[in-house]
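Reader: I would like to go through the charged residues, salt bridges and backbone details of this model. Please give the cut-offs as the terms come up.

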Amino acid sequence: MDDTRHDTTRQAALYYHEHPKPGKLEIRATKPLANGRDLSLAYSPGVAEACLEIKADPATATRYTSKGNLVAVVSNGTAVLGLGNIGALASKPVMEGKAVLFKKFANIDCFDIEVNEPDPYKLADIVCALEPTFGAINLEDIKAPDCFIVESICRERMGIPVFHDDQHGTAIVVGAAATNALHVAGKKFEDIKIVSTGGGAAGIACLNMLLKLGVKRENVWLCDIKGLVYEGRTEDMTPQKAEFAQKSDKRTLGEVIDGADLFLGLSGPGVLKPEMVARMSKRPIVFALANPTPEITPDEARAVAPDVIMATGRSDFPNQVNNVLCFPFIFRGALDVGATTINDEMELACIEGIAALARATTSAEAAAAYKGEQLTFGAEYLIPKPFDPRLIGVVASAVAKAAIATGVATKQIDDFDAYKQKLDGSVFRSALIMRPVFQAAATVTRRIVFAEGEDERVLRAANAMIEETTDKPILIGRPEVVESRCERAGLPIRPGRDFDLVNPENDPRYRDYWETYHHLMARKGVSPDIARAVMRTNSTAIAAVMVHRDEADSMICGTFGQYLWHLNYVQQILATDGLHPVGALSLMILEDGPLFIADTHVHQEPTPDQLAETIIGAARHVKRFGMMPKIALCSGSQFGNLDSDTGRRMRAALAILDSAPRDFLYEGEMHTDAALDQSLRDRLFPGGRYEGAANVLVYANTDAAGGVRNILKMRAGGLEVGPILMGMGNKAHIVTPSITARGLLNMSALAGTPVAHYG
């Protein structure tokens, strides 16, 4: 990364952490506090009743407080990944980030606690004193060997799970990857020779886990920065390293690598040389987990051993060993059964759950999230992807079962099928829903033209596109304006070098563009003079002509102006070959999950046929996010109780949908509250077509759909992705003036997905 790009990334990261409010976490009340009665129940005198219940029976704390779903992420900042001993305060952004992952992946609440205490024994005392507050403790970024001391003391003294993720999280994912790598290679744990680099917490924990899986201690060769760990060595030794000391006169990694079946690297870049891989066994397994630069790259390893089975810590290579595959879900299972500890059996259950997922048939959701990659079990797919939605249900269930079976659970789960179903239903309750779209977009390179290329939000989105995707931005705007605004915004991108620029005032293709537009519109009242004027002044029409001429794959417009004005030009130029605007679909990412709203912009009063087409289109798009569509047909009438216009049109649309088999769930017509509340729906209309809350609301006019969209955005804190223009083959999307740079980046990812990926 050059200095300019690094500085831009640095500024973007700092801006992200500072705005719109500092940090990545906040505390929200879960109970109403709207009147005096609420206050008397939440605090004095009503709170005393909960206190007395807990005093009489401490186990009831998980009934009356948040303890049962609350984890502490604790660090003293002595071994922060990639940064070293930066201290407790400087580690806070990392711990906040870990807390966010807990919340986003497993809906676990977290407090990050940074402790200014380098002494491991005193730190352990502090952590132990926190037990009344939390349901579990996640130790993080504590240097070795102190981390072993802290965890050992806390596990011994505390009656809640204590888990040092740097050790055990890494070890669990490595264990799952190794299990499947050996399966592919046709080898067994008890027979293999392991050579490892890195004697820190993660390295030692991984080796101990491999021993539990059947590896023989005498077959493990541990090296660190000083060379082989051998019997009699005194320099830079710890009791944990000494457990793996070999009786040998060999001293270097190069001397012990011969015939190794598995290389496990948790050290630094370039440690494993290609010639060393060449001397490993047949079908060698190389886990090069140093980040961001591995001990050896996959290309280097394959050059000397084409049959090598590789894993790294990076997301841009196959088989990413990522702790997020493990820690949210092992804590989820442990908390749900009130486990008093996380034992070996629970960790092994976690390993088997992760490994079994990769061996199983890939889910449709995972396939949608990672289109373009071969997600068939084998050397390129040893462990699930971090965003595989099956992880929470499979792994947390396995952990909970193991806790119950080994007697460390204080709660029972009577129906594990129902428990797993509940977990599966919680998967997409976060902004992580956009990841499948970015993953699908990353499989190809598409040319995205932004009509309003002079807008600073567009420039920021284009910069982010270049950094995060493979798509190529094209901007329409005056060069001097674009240059000055890039400079004013501190963006390193420049036209001609980083993106193509179409100058509406002086582009060599101007004649081709106006002639193309005139050819399309000559019989619709557009003269050559009008065509020339439009191609000089109308950036939306220019962008549409570019897509029509196959000089761009998709266009994004609408950062200013009225939606239907933009739609007019999109429809004039691109509504050919069966394409036509079906409706506008807005994804609202809310605190309790995503909700799609349609039609927010296209048809003011849609006909039954247009409503049915909108519903079918919405279902197709919702599947792109790995979700099963559950669509509610919303109106002022409720299951035929009013003979209103919206009710009649919705009932007619329902009949159209019922006339052919559908691969999605839908129900209506009904009020919005019934769509989102099954208990209310059951009282009004028992035996409906889907269970739970709808995830798509389709309305009979744009006033209703747009009103709901705006209320959710402005008053409920919803993050909008869209509007997505359905029916145009992903050739055009029209946003709204309130869109942010982040929103434009999301839309570019949607536009960057080939239409074949729509399902």
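**Charges under cover**

Reader: What is the relative accessible area of Lys98, and is the residue buried or exposed?

Author: Lys98 is buried, because its relative accessible area of 6% is on the buried side of the cut-offs (buried under 20%, exposed over 50%, partly exposed in between; 1.4 Å probe, protein chains only). This is a predicted model, in which local features need pLDDT of at least 70 and side-chain atom pairs pLDDT 80 or more, while totals for chains, interfaces and linings use all residues. Residues are numbered from 1 along each chain as its sequence is written, and side-chain values use heavy atoms, without hydrogens and water. For Lys98, then, the state is buried and the value is 6%.

Reader: Which residues does Lys98 touch, not counting residues up to four places away in sequence?

Author: Lys98 is part of helix α5, residues 92–106; helices (H or I, at least four residues) and strands (E, at least two) are DSSP runs, numbered from the N terminus. A contact requires heavy atoms within 4.5 Å. Leaving out residues up to four places away in sequence, Lys98 touches Val73, Asn138, Glu140, Asp165 and Phe327.

Reader: Asp146 is buried yet has no salt bridge; how far away is the nearest side chain of opposite charge?

Author: Asp146 lies in helix α7, residues 146–157, and touches Pro118 and Pro120, not counting residues up to four places away in sequence. A salt bridge needs a side-chain nitrogen of Lys or Arg within 4 Å of a carboxyl oxygen of Asp or Glu. Lys and Arg count as positive and Asp and Glu as negative, with His and the chain ends not counted. The nearest side chain of opposite charge is that of Lys143, at 4.2 Å.

**Salt bridges**

Reader: How many salt bridges does a search of the whole structure find?

Author: Side chains of opposite charge can pair when their charged atoms come close. A search of the whole structure gives a salt bridge count of 45.

Reader: Lys212 and Asp344 meet in a salt bridge; how many residues apart in sequence are the parts that the pair ties together?

Author: The N to O distance between the Lys212 and Asp344 side chains is 2.9 Å. Both residues are partly exposed, Lys212 at 39% and Asp344 at 36%. Lys212 belongs to helix α9 (201–212) and Asp344 to helix α15 (344–359), so the parts tied together are separated in sequence by 132 residues.

Reader: With which residue does Arg651 form a salt bridge?

Author: The closest N and O atoms of this pair are 2.7 Å apart.

**Backbone**

Reader: What is omega for the peptide bond from Gly668 to Glu669?

Author: Glu669 is placed in strand β18. The peptide bond from Gly668 to Glu669 is cis, and its omega is near -5°.

Reader: What is omega for the peptide bond that joins Asn291 and Pro292?

Author: Pro292 sits in the loop between β9 (285–288) and α13 (298–304). The bond joining Asn291 and Pro292 is cis, with omega about 0°.

Reader: What is the positive phi of Asp550, which is not a glycine?

Author: Asp550 is in the loop between α24 (539–548) and β14, and is exposed at 53% relative accessibility. Its phi is positive, at about 65°.

Reader: Which residues gather in a patch of negative charge on the surface?

Author: Patch members have over 30% relative accessible area and no salt bridge, with like charges joined within 9 Å and nonpolar side chains (Val, Leu, Ile, Met, Phe, Trp, Tyr) within 5 Å. Each charge is placed at NZ of Lys, CZ of Arg, CG of Asp or CD of Glu. Asp673, in helix α28 (672–676), is partly exposed at 44%. The negative patch consists of Asp673, Asp677, Asp682 and Glu691.

Reader: How many residues of helix α31 are buried?

Author: Helix α31 spans residues 741–751 and is mostly covered. Its buried residues, including Leu744 and Met747, pack against elements among them α19 (435–441) and β20 (719–726). Of the eleven residues in α31, the number buried is nine.

Technical notes
Areas by Shrake-Rupley, 256 points an atom, 1.4 Å probe, with all protein chains shown as cover.
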